[in-house]
Amino acid sequence: MRFDIIIVGSGGAGLSAALTAKSIGLKVAVLSKSYPTRSQTSMAQGGINAVIYPDDDSVQKHIEDTIKSSQGLADPSIVEYVCKKAPDAIRWLDSIGTPFSRNGERIAQRKLGGAANPRACYAQDYTGLKILQTLFDQCIKEDIAFLNEKYLLNIITKDNTAYGVTALDMRTGEVEAYFAKAVILATGGYSRIYWGFSTNSTHATADGIAAAMRAGAKISDLEFVQFHPTALKKSSILISEAARGAGGKLINQKGEHFVDELATRDEVARAIHAQIESGNDVFLDITHLGEKFIDQNLPQERKLAILYEGVDPVKEPIPVKPAAHYTMGGIDVNRKMQTNIKGLYAAGECANAKLHGANRLGGNSLLEIIVLGKEAALNAAEYSKNITHIETQKPETLENDANFIKAVYNGFTNQIDFYEKREFLGKIFYANAGVVREEMRLKGVLSAVRQIQREIPFMGIKDKSKIYNTNLIDFIEFGNMLEISEALLVSAISRNESRGAHFRSDFPKKDDEKYLAHTIVWKEDGVLCADFERIKAQNTDELIKNSDNESDFFYKDESDPFRDNCCEDID
């Protein structure tokens with residue numbers, strides 16, 4: 001099948017890209033291993049940042065908060081662009097029906113960690129879900145083609161140019177090829193490496209990032225994994241930062257308050273980790289907010305705590321722990337969201353657009369998927385204008401992938417249970433490559449990962465059917481997780497400092513002289529390579545002052561209503 005643009009992934013970034021590409025008349029398809037309403041975006045709760053009432057806040061403060069949280073690794077021009085586009089993003093989402101909570105006529109906003117002011121627009125504590133449902137409704141109205149239950153295998157490339165993807169049809173077990181002038185990856189992050197210790201859905205297994213790396217794309221900053229401070233103790237299910245933004249308190253079993261709840265997530269997560277390591281239990285207390293407030297503003301948090309922890313937060317504090325929540329690293333893209341492979345773009349959590357740097361602010365991820373999802377589509381569309389021919393000959397990638405699937409069915413043995421290895425991987429990652437890290441422990445995990453990689457041919461699958469073979473999908477996902485696990489560990493071992501979400505107990509201070517840089521990993525002939533890409537040292541004021549480079553990099557089209565009159569009411 002042939003399209004102008006194929007978008008892989010049906011979360012917020014993918015759907016934003018699809019609507020944008022469709023609006024300018026392109027033939028677009030969204031390919032996904034699941035259905036849009038099951039994507040990770042549905043699990044985002046707290047809010048989406050935007051300065052929409054300038055009498056209460058300023059875009060400048062939003063920029064400064066984002067750059068400060070990034071610990072020097074954000075691209076200031078990206079930060080400025082996204083923050084300035086944020087009000088337009090909210091107006092657009094509101095105009096297409098997103099049911100934001102309101103205070104009278106005004107969209108309600110709450111303060112999340114690391115923010116100077118309340119600027120997170122929200123829909124109770126279902127913000128991501130409501131945005132996703134609204135975007136999906138619009139896609140249905142626009143008759144956008146959805147290729148659901150198609151599992152991405154690889155990117156089809158020739159001469160360092162992408163022109164399609166291969167995918168496993170989960171319904172039939174057949175390997176298929178889809179061709180396009182441009183490909184946009186919007187496949188989400190990789191925090192499910194921490195299996196059993198992640199707030200993310202089971203789909204966050206790095207499929208797009210691993211496929212991009214195999215195709216020759218560079219991957220950056222994988223060591224920066226954000227641990228959300230408040231996940232349920234037993235299940236690792238997220239309890240939104242909205243609960244702390246509303247006035248929730250973090251206490252230990254003695255009732256002692258030990259941290260500023262609205263500090264950046266890395267700081268709060270480390271404080272909770274330290275309490276747990278010292279033998280204390282940690283609780284999030286929102287009892288003082290009252291039942292009426294909780295049911296109106298935090299209904300999901302109450303339901304989750306009752307269902308999974310057996311605790312009613314109206315009556316008693318919620319037991320919590322940090323859990324892997326968001327991955328700042330990903331496919332390295334430039335300011336046009338393009339990879340180092342022509343025709344291959346990426347947006348959302350699978351991409352590293354240098355918006356978050358070493359630590360993401362709560363509320364900026366939903367903003368990223370809207371603004372930069374659109375940006376990826378517009379630049380992919382501009383690129384595709386010059387492509388007059390779509391290659392449709394049977395690619396070598398298709399044959400190789402079909403042969404791999406046959407080998408899994410017929411050649412791999414079942415001597416080792418890969419599900420047990422997946423659980424083991426999650427445990428050792430959480431314990432040794434989690435909130436706090438140290439060189440020898442990281443190297444121990446890397447050794448274990450490489451041993452598991454060698455054992456892959458002895459794992460295989462037990463289910464030999466072709467139709468909806470989830471055993472096969474789980475196995476391929478596990479392989480992707482191993483690839484990215486190795487790259488993450490190599491990056492974390494290389495960065496001998498503490499910066500943002502990457503905290504090294506053996507190097508507890510930030511070292512700008514050596515490590516004000518992005519870690520870059522890639523593969524050459526199947527071998528993992530790594531290096532650092534230095535950044536010019538500047539303080540925050542200089543970054544803000546020198547960040548106005550938008551005209552040199554970002555797509556311009558005065559006909560796009562999303563881009564018109566940027567921030568006209570707040571300049």
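Okay, ground rules. The model is predicted, so to speak of local features we need pLDDT of at least 70, side-chain atom pairs count only at pLDDT 80 or more, and totals for chains, interfaces and linings use all residues. Residues are numbered from 1 along each chain as its sequence is written, and side-chain values use heavy atoms, with hydrogens and water left out.

Let's start with the backbone. Most residues other than glycine have a negative phi. Now look at Gln71: its phi is positive, near 55°. Where does Gln71 sit? You'll find Gln71 in the loop between helix H2 (59-70) and helix H3 (76-95). Helices here are DSSP runs of H or I with at least four residues, strands are runs of E with at least two, and both are numbered from the N terminus. Gln71 is partly exposed, at 26% relative accessible area; that label covers what falls between buried (under 20%) and exposed (over 50%), with a 1.4 Å probe and protein chains only.

Asp159 is another non-glycine with a positive phi, about 55°. Asp159 belongs to the loop between strand E9 (150-158) and strand E10 (161-169). Is Asp159 buried or exposed? Exposed, with a relative accessible area of 70%.

On to the pockets. A pocket is an open set of points on a 1 Å grid over the protein atoms alone, with protein on both sides within 12 Å along at least five of seven lines, and lining residues have an atom within 4 Å of a point. Points are joined across faces, edges and corners, and the volume is the space filled by probe spheres set on them.

The largest pocket comes out at about 500 Å³. It has 20 lining residues, and closest to the centre are Arg214, Phe404, Gly479, Asn480 and Glu483. Elements giving two or more residues are E9, helix H11 (396-410), helix H14 (470-494) and strand E21 (527-534). H14 has the largest share, 7 residues.

What about the second largest pocket? That one holds about 390 Å³. Of its 22 lining residues, His273, Ile276, Glu277, Pro322 and Tyr430 are closest to the centre. Helix H7 (265-277), strand E15 (282-285), strand E16 (318-327) and helix H12 (418-432) each give two or more residues to this lining. Which element gives the most to it? E16, with 4 residues.

That's the tour, thanks!

Technical notes
On a 1 Å grid over the protein atoms alone, a cavity is a set of points where a 1.4 Å probe fits but cannot get out, and a pocket is an open set with protein on both sides within 12 Å along at least five of seven lines; lining residues have an atom within 4 Å of a point.
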